[in-house]
Amino acid sequence: MANEKKPNRVGVFICHCGTNIAGVIPIDQLREYAMTLPNVVHADNYTYMCSTPGQEKIKTAIKEHNLDAVVVAACSPRLHEPTFRKASAAGGLNPFIFEMANIREQSSWIHMKEPERATEKAKDIVRMSVARASLLEPLDTKYIPVEKAIMVIGAGVAGIQAALEIADSGITTYLIEKDPSIGGNMSRLDKTFPTLDCSQCILTPKMVDVDRHPNIKTLTYTEVDKVDGYIGNFTVTVRRKARGVKEAECNGCGDCAAVCPVTKGNEFDLGLGPRKAIYVPFPQAVPLKYTIDFDSCIKCDLCVKKCGDKNAIDLNMKDELVEIKVGTIIVATGFDLYEIEKKEEWGYGRYDNVITGLQFERLINASGPTGGKLIRPSDGQKPHNVAFVLCAGSRDQDANPYCSRVCCMYSLKHAHQIMEKMPGTIPYLFYMDIRAFGKAYEEFYYRIQDEGAKFVRGRVSYIEEDPVTKNCIVHAEDTLLGTPVTLDADMVVLASAIVPKETTELLRNKLTISRSPDKFLLEAHPKLNPFSTSTDAIFLAGCCQGPKDIPDTVAQAAGAAAAAQVPINQGKVALEPIAAKVNDDLCSGCGVCGSLCPYKAITLSEIGEGHRRASVNDAMCKGCGTCGAACPAKAITMQHFKNEQIRAQIAALFTPVGGA
Amino acid sequence: MADEFEPKILGILCNWCTYAGSDLAGTSRIQYPPNVRVIRVMCTGRIDPAFVMEAFSLGADAVLISGCHIGDCHYIAGNYKARRRIALTRKVIEQFGIDPRRLKMTFVSASEGALWAEVVKDMVNTIKKLGPTPVQKKVDLHAAGGHAAAGADEDLAEIAKASAGKKLEAAPVQKK
């Protein structure tokens, strides 16, 4: 590598990008300028460099002009670097002797109103890129084998769908769920809009399929502890929380729960119904294995005695760490409801008869704590009118600025359920706009209007409780009439916003994936790649990426499943050869690099008495370059981001060609 | 148009957060001053303080480093290291008579295009108030072909020496 000749026949290709670049920057001027730069022997331009004829231009020019480096001045390298690397490789060059000058995102688009200065900047950018290209070195792409297994984190409907798709194609799937049962939030719902399918009826078959599938290994009551590795070769350490019940022995008979003396609010029912300290969260739980809540268990041993010879209960069980090797990972951690008690004006948590939409689902659900009877929590009576507060915590600058996308529709559905189950009870919907965007959603909205639900356009300003009747006095402005309105409601349902699950943040740090300002996980591209992350081989499905209804969640999950299988089916993945390299002659073995490396990719080996030398494990090095920046002897170099390459860019910026 | 001072600022951005964020600013057509020229590195941890010194020695009016938010580094902890290095480098440039406000590190995520535009606007305003760099650009470090650093691997001290003398006398009233 040391003696290789530096590129000195650089070709510069300037893209018009339609009018995206050419509309601001005079291409001819830029091309002529490029020709004056050192080492540049050829400069050309084309309407769309990324098109086939554009790439063809690069290929032919490499041969005709005997180019040994290519610079394309166009969009962001994050967008088209791979395209043009392929084009230069097709022309016979090493794909790494290629540099992109980003004159679109970094110039023409952001300085549209100052074309002259944008052009100056574009010239600087091209000059810096040429300087860097003249110092690039050929690198070899390495291929590594891929572990033929996929992990899906979160077993709500997104995780279940993804796991089934993957497993059906014959790939081992690990489905990780932190709760005792799979099913997620969808298993809490009663009916689903707009078709009014029973949620459990359409979900349970899938849950059972998961349980039975030979390729799916479901690990419930399990959390991700640590993630190591990279595309194709992740090692995920999961914590199997102490369940207190041996899954292999428990047959789900429930004798233990019958004798358990401890009663607690069931989280699955959002505290509306009871459970024992040894419990299954709901009757259709998969797997149907009991779980001991050790925080409330008093270790009275009654359940152990009752279980008897089956011997399924172990009160001394400890958490267990298990290492799992997978090639790709899908994150499907779902959502929580926004803590609506923060909106104090609506009194959730203070007034008995103010509940959330999800609590409503449990109350109206036949398998819920009331057997499907909607009652007021304060006195168990049937409500005669129910107020719904839409956009509760959504589209609200004090809470969440975004639209949660499902609240309009499920509130309409709630209204329908009330009118169907309890004729005479009137639902009042306080809304800002009804967003009925999906297939057959708008029709559903009309149907609910026709059925007699009352709509009041206006946000509820505050709610008071009548201390005697426990009724809720709802104050709002009817913005269509322009008058304040007051409603004496028996019950209020807040359509609380969707927020990412609290634990997602911890997981996100373990996986080193990004989030958007709204705290949902960030997709690689909002339109063209909504299920990938910027980290290779980690994919997203469902509400962890943004609020979604069930059809969208299932669609995204299937997409993520397909994408996650690609590296598995390819069998090997290319590693970017951007890794640190040690110059043995310069290394004094001080070890500064090793202590900085976040991946423990650098080891010091003895090469004689008292002499040590650093060496880098290529597969473990991710190419951040932290070591190279710190090496006092400059013995470690970051390939493709070498000191002289970066310094050439800096120098080129401040020493314009041709004087100045 | 009056000959207003237009600072020339070097930006060194990490690939995963701020470079992506600045791309987003572009895609969203957010308009901001064209004073910053960007170098992309994979991680702010890659940034050798020598790069910063070199830029100042060559006449940069300011250097802007930006990476992922603390805790969000794509490489776990590169931005922590960069933050420390930049904090120290600020002290070093101050010793050379360069106002430490000319070197700044910010944290802008891939989804914060608008924030990146604000960061640049702020920086440009600050530097406009501070005026041009006190470093006089006569340092004909590497005449050959304009590609200065091509063969250059002088170490930090060397570069600093080349311009240090000038800086100190040229820095008029750089107050603490």
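**Entry 1: a salt bridge inside a helix**

A salt bridge here is a side-chain nitrogen of Lys or Arg within 4 Å of a carboxyl oxygen of Asp or Glu. With that in hand, I went looking in this model, which is predicted. I picked A:Asp28 and A:Arg31, where the closest N and O atoms are 3.2 Å apart, so the pair passes the 4 Å limit. Both residues belong to helix α1 (residues 27–35) of chain A, and because they are 3 residues apart there, about one helical turn separates them. I also looked up the total, and the structure holds 49 salt bridges over all chains.

**Entry 2: where chains A and B meet**

Next I checked the contact between the two chains. Chain B puts in 60 residues and chain A puts in 61 residues. How much area do chain B and chain A bury between them? I noted about 5,300 Å², with 56% of it on carbon and sulfur atoms.

Then I looked for charged pairs and found a count of 7 salt bridges between chain B and chain A. I wrote one down: the side chains of A:Arg117 and B:Glu6 meet with N to O at 2.9 Å. For polar contacts across the interface of chain B and chain A, the tally is 25 residue pairs, both residues being at pLDDT 80 or more.

Which elements of chain B supply at least two residues each to the side that touches chain A? My list has α1 (18–27), β2 (36–41), α2 (49–57) and α3 (78–95) of chain B. The one that gives the most is α1(B), with 7 residues. I sorted the residues on this side of chain B by type too, and got 30 nonpolar, 15 polar and 15 charged.

**Entry 3: a parallel sheet in chain A**

I moved on to the strands. In chain A, 5 strands form an open sheet in the order β10-β7-β6-β18-β29, with parallel pairing. The edges are β10 (216–219) and β29 (538–540) of chain A; each has a single partner strand, so one side of each is left without a neighbour in the sheet. Neighbouring strands of this sheet are turned by 20° against each other on average, direction ignored.

Zooming in, I saw that strand β6 (residues 149–153) and strand β18 (residues 328–331) of chain A run parallel and are joined by 4 bridges. For A:Ile153, the bridge partner in β18(A) is A:Val331. Something packs on this sheet as well: helix α14 (residues 550–570) of chain A touches β6, β18 and β29 of chain A. Its direction makes about 170° with that of β18(A).

**Entry 4: an antiparallel sheet**

Chain A also has an open sheet of 3 strands, in the order β11-β12-β17, and here the pairing is antiparallel. I marked β11 (222–230) and β17 (320–326) of chain A as the edges; with a single partner strand each, one side of each is left without a neighbour in the sheet. Strand β12 (residues 233–240) of chain A pairs with β17(A) over 7 bridges. One residue pair I noted is A:Phe234 with its bridge partner A:Val326 in β17(A).

**Entry 5: a hairpin**

Last stop: strand β25 (residues 472–478) and strand β26 (residues 483–489) of chain A, which pair in the antiparallel sense over 7 bridges. A:Ala476 has A:Val485 in β26(A) as its bridge partner. How many residues lie between β25(A) and β26(A) in their hairpin? There are 4, and A:Gly482 in the turn has a positive phi of about 75°.

How values were computed. Residues are numbered from 1 along each chain as its sequence is written. Chains are lettered from A and ligands numbered from 1 in the order in which they are written. This is a predicted model: local features need pLDDT of at least 70, side-chain atom pairs count only at pLDDT 80 or more; totals for chains, interfaces and linings use all residues. Side-chain values use heavy atoms; hydrogens and water are left out. Two strands pair if DSSP finds at least two bridges between them. Contact means heavy atoms within 4.5 Å. Buried area is the accessible area (1.4 Å probe) that two parts lose on being put together, summed over both. A polar contact is a pair of N or O atoms within 3.5 Å; within protein, one must be able to donate a hydrogen and the other to accept it, and residues adjacent in sequence count only if both atoms are side-chain atoms. Ala, Val, Leu, Ile, Met, Phe, Trp, Tyr, Cys and Pro count as nonpolar, Asp, Glu, Lys and Arg as charged, and the others, Gly among them, as polar. Axes are lines fitted to C-alpha atoms, for helices over the stretch in contact, and angles run from 0 to 180 degrees between N-to-C directions.
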